[in-house]
Amino acid sequence: MAVTSTSLVSQLSIGLRRHPSPKLDSFTSTNPFFDAIHPNLRLSISSPKPSRTVIAMAGSGKFFVGGNWKCNGTKDSISKLISDLNNAKLEPDVDVVVAPPFVYIDQVKTSITDRIEISGQNSWVGKGGAFTGEISVEQLKDLGCKWVILGHSERRHVIGEKDEFIGKKAAYALSEGLGVIACIGELLEEREAGKTFDVCFQQLKAYADAVPSWDNIVIAYEPVWAIGTGKVASPEQAQEVHLALRDWLKNNVSAEVASKTRIIYGGSVNGGNSADLAKKEDIDGFLVGGASLKGPEFATIVNSVTSKKVTA
């Protein structure tokens, strides 16, 4: 689905500034500074209504939590983790996915509860063949995977995968029936230079130019400086970027895609900060690294969806 260039990137070319960004909650429709950036980038503030419990999400999709186990685990430690997850009480209104190392996918698939779906951590750009060390979409499907993580920062900045290549991988996975967890995010120096929006929009556009449909894509915003560092974007910082990404989709793809596409946050998410992050309207879930290796803590993150259940 190709997209045409708009003026949005130039309108937001200031990115995120070096000094702490203002909280979006403090902006209203009468704030001239915020209107000057982009008139649609604001939180809606509703007037009081009769009390009822709702899940406060900007997108129309279900809350989504993925656990990326990366290159961790042994048969024994994974058996223990599976046991913890099978015994955990998980909120029903959440899509839960785990991504084990490739060599343990079959072990996980055959022993984990059907409540949790399985993802690959990467896949090849086309049909399998003479590609040493790679794993194909067809092989992931054969093992029962429903999802694949693509564009993770470690694939981009350690392995050297480029935006266009990642977009092609996403397009192939989708064409073969796998859902794609499409990762994007900026380096620390890019954030400090005020280029957060530019970088994220460029990465997002590479997906948009390649994919045939957005029906089975979850966007994972993971600021690289927060992955595995213990640093985490504040709820306000994360919300600011998520809102900008949704607005980009609205202006460059369609309002329908912007509404239905889930945008999840990753970057040192844990049981202690997930509830505050989940309260933000445009944060539709999480992609979790280290904390996903601890069954009880991962369950806490999954259950942070309750923070979205507000009285409206």
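Predicted model: local features only at pLDDT ≥ 70, side-chain atom pairs only at ≥ 80, totals over all residues.

Reader: Where is N68 found?
Author: N68 sits in strand 2, which covers residues 63-68.

Reader: Is N68 buried or exposed?
Author: N68 is buried, because its relative accessible area is 6%, and the cut-off for buried is under 20%.

Reader: What is N68 in contact with, leaving aside its neighbours within four places in sequence?
Author: The list includes A99, Q121, I149 and H152. L287, V288, G289 and S292 are on it too.

Reader: And strand 2, how many of its residues are buried?
Author: Six of the six, so strand 2 is largely enclosed by the rest of the structure.

Reader: Which way do they point?
Author: F63, V65 and G67 point one way from strand 2. F64, G66 and N68 point the other way. All are buried.

Reader: Which strands pair with strand 2?
Author: Strand 3, residues 94-99, pairs with strand 2 in the parallel sense over six bridges. There, G67 stands opposite V98. Strand 9, residues 285-288, also pairs with strand 2 in the parallel sense, over four bridges. V65 has F286 as its bridge partner in strand 9.

Reader: What do strand 2, helix 3 and strand 3 make?
Author: A right-handed β-α-β unit. Helix 3 covers residues 75-87.

Reader: New topic. What about strand 5?
Author: Strand 5 takes in residues 147-150. W147 and I149 point one way, V148 and L150 the other, and all are buried. Strand 4, residues 116-120, runs parallel to strand 5 and is joined to it by two bridges. S119 has W147 as its bridge partner in strand 5. The chain crosses from strand 4 to strand 5 through helix 5, residues 137-142, and this β-α-β crossover is right-handed.

Reader: Which residue stands opposite W147 in strand 6?
Author: G179. Strand 5 and strand 6, residues 179-184, pair in the parallel sense over four bridges.

Reader: Where does K308 lie?
Author: K308 is in the loop between helix 13 (295-302) and strand 10 (309-311).

Reader: Buried or exposed, that K308?
Author: Buried, because its relative accessibility is 1%.

Reader: How far apart are K308 and F63?
Author: They are 245 residues apart in sequence, and 9.5 Å apart in space, C-alpha to C-alpha.

Reader: Now the whole chain. How many helices and strands?
Author: The protein chain has 13 helices and 10 strands. Of its 312 residues, 51% count as buried.

Reader: And the surface, what does it come to?
Author: About 13800 Å² of accessible surface for the protein chain. Carbon and sulfur atoms hold 52% of it.

Reader: What share of the contacts with a separation of 6 or more joins residues 24 or more positions apart?
Author: In the protein chain, 75%.

Conventions. Residues numbered from 1 in each chain as written. Heavy atoms only, no water. Buried < 20%, exposed > 50% of the residue type's maximum accessible area, 1.4 Å probe, protein only. Contact = heavy atoms within 4.5 Å. Pairing = 2+ DSSP bridges. Right-handed = clockwise from strand over helix to strand, strands pointing away. Areas by Shrake-Rupley, 256 points an atom, 1.4 Å probe, with all protein chains shown as cover.
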